[in-house]
Amino acid sequence: MPKRSWQRRGKAAMDLIEFFSNHVFRMVFFGTTVIGIVSGALGAFAYLRKQSLISDVIGHAALPGALLAFLMAVVVFGINGRNMLLLIVGAVVTGTLAALFANAVAARTKIAIDTAMAISLTTFFGLGMLLLRMIANNPYPGKGGIQDYLFGNAASITRADLTTSVAVGALALTLMIVFWKEFTLRTFDPVLSTMLGFRARVIDTLMFSTIVIAIVIGVKAVGFVLMVAFVVTPPAAARQWTNTLPGMVALSAVFGGIGSGLGAYLSISLGNVPTGPVIVLVLFSIFLMSLLASPKRSIVVTALRRVRARKALRRELMAEGRNP
Amino acid sequence: MSYVIGVILLAVITSLACALPGVFVVLRKNSMIVDGISHAVLPGIIVGFALTQDLNSPILILGAALAGLLVVLGNEWLSDTGLLAGDAPQGLIFPALFAAGIILVSMDLQHAHIDTNAVLVGDLNLAVFPALIVNGVNIGPEYLYVMLAVLAVNAAFIAVFYTRLKLTTFDRQFANVLGMRTRLLNTAFMFLVSMTVVAAFKAVGAILVISLLVVPAATAQLISKRLSVMMALTAVFAVAGALAGFWIAYVLNTGTSAAMAVFYGAMFVTVALTAKIATHIRRNRRSSKSTAAAISAPNVGAVAGE
């Protein structure tokens, strides 16, 4: 397999018909695209809450949850430990716990939020590493390739996984649409939101849970460690193009979806290159282009505007100098 | 030197080398930048290893530390553009570098057989090989001396720039007014942190190294009010955690670094809860005492309460 892909590298990329007629490729493409859309849309709220990095904490902290779910499934229920739904539930539980822990430490002690996040991240991840070692040392059925939870293995996405991802992702998006007004108010004016009688804790927990779901559905394809890029990068790119919340959420979802689809296609047609990292690089390129050249506020446009303004000013001053 | 003593010494020295700069990392609110650095040094380590074929090489350590510095400077640049909100600038560059690192690993560059899992977790029990042998005498693991050198550099830097670090940490604007080159000092300090992360990754892994850097200092911060006290407590917590982590890993037969990270986390929670309860009790006692004093001698109480 690697040999063939090396040969292919010289040729033009695989044509689309060949790509979509292959079942595995199709699964990878649609699986990652769904992940990109959901995490892009929900990442927009994390970005506007100015807590993008919480997604990094959640991503790392989801590992012990997923592994505990595996152990529960194998030891207690005696079913397949790689069950996607069980994995999602376990990861959501520890991911949410880690986010709540970080926020509680920052609120109740003199430790700053960034240190609190680092403590939460590394402690939960350490726990995950202990569990991983424990699983590796014992003969559990179906444990082969369980370290894929770290970096993902897009080729292992099955039709059942895709269905679960779409269903759970749709649930998170539905929650977002149903609570759109509450989320918006809490994001932009937390004081008013509390004064109007909305419970801050309930809305926060709901909002972070949807973000956790967005991160967790990416585990099989992308792995926990890189999911932070799926949540942080698309909204940061989208922000450069739009000034409205609906525009931001929609564009962020589009960037996430396109970046993931394109990344998946590139990784397969290049051959022997892991999918998750390629998607991250594609998303980063989209972000850089937005930062440099979006029409309203980007670096290049601002610089051009400044040059033009300077010229206009000079012209004006010269004109004044000629006829005082 | 026996194997077990080698591992224990390595754990203690590594934890001290990380915890010392960790004090300033925590106080300067740079903890999540360290998270970024620890991910971003991966491509640096892989390229460095492909070139030097030696994980203990100083060239590799300095080269990979530059990759970490790239994150620090990149973050600063992104923040300075003013186009991004919140902590997003810190979350954009390191995943891209980390992704590039994983792609490099998968391409098996120059046959650099690095297991991504090992890069993330590290293995203290393997890091003690090879041993350094001088005149036929085994004087402990070669890697121990690498970490000792890092510890010495860190201690020297902090000793020399102690006043400046203190001032820029607690009152950056005042330091600026005094004409201190705060940005240069910050860059130099972050390079040092980056170098420490690279040097320690072989023993504790790229992600768990955050634990060694941040958690002992944060635990010390909970119960100290002076920088000197905080530094001393940090060292105590770091060494205690290293020894306990080693013992737990030995008993449970798991990785030392992961056990250390979990123990550090538990230690932080315990100290935080104890400190909370202690303040609560003290406050209760004080309020009941002052009420009692006010009842028995109201005039004296009023003066004392001032």
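Two residues are taken to be in contact if their C-beta atoms, placed from the backbone, lie within 7 Å. In this predicted model, 47 residues of chain A are in contact with 47 residues of chain B. Four elements of chain A each give two or more residues to the side that touches chain B: helix H6 (113-137), helix H7 (148-151), helix H13 (227-238) and helix H15 (275-293). H6(A) gives the most, with 16 residues. By class, this side of chain A has 29 nonpolar, twelve polar and six charged residues. Ala, Val, Leu, Ile, Met, Phe, Trp, Tyr, Cys and Pro count as nonpolar; Asp, Glu, Lys and Arg count as charged; the others, Gly among them, count as polar. Helices (H or I, at least four residues) are DSSP runs, numbered from the N terminus.

Residues are numbered from 1 along each chain as its sequence is written, chains being lettered from A in the order in which they are written. Local features need pLDDT of at least 70, side-chain atom pairs count only at pLDDT 80 or more, and totals for chains, interfaces and linings use all residues.

Helix H4 of chain A spans residues 54-77. Its 24 residues reach 32 Å from first C-alpha to last, close to the expected 34 Å. The expected span is 1.5 Å times one less than the number of residues. A kink of about 25° lies at Ala62(A), shortly before the proline Pro64(A). The bend at a residue is the angle between axes fitted to the seven residues ending there and the seven starting there. Of the 24 residues of H4(A), 17 are buried, so the helix is largely enclosed by the rest of the structure. A residue is buried if 20 or more other C-beta atoms lie within 10 Å of its own, exposed if 12 or fewer, and partly exposed in between; C-beta atoms are placed from the backbone. Just after H4(A), Gly78(A) takes a positive phi of about 65°.

Most residues other than glycine have a negative phi. Lys50(A), in the loop between helix H3 (23-48) and H4 of chain A, has a positive phi near 60°. Lys50(A) has 14 other C-beta atoms within 10 Å and is therefore partly exposed. In chain B, phi of Lys29(B) is also positive, near 60°. Lys29(B) lies in the loop between helix H1 (3-27) and helix H2 (31-52). With 13 C-beta neighbours inside 10 Å, Lys29(B) counts as partly exposed.

The mean pLDDT (the predictor's confidence in each residue, from 0 to 100) of chain A is 86, and 95% of its residues reach 70 or more. Over residues 1-12 of chain A the pLDDT is below 50. Beyond near neighbours in sequence, this stretch has seven contacts in the model. Where pLDDT is low, the predicted coordinates should not be read in detail.
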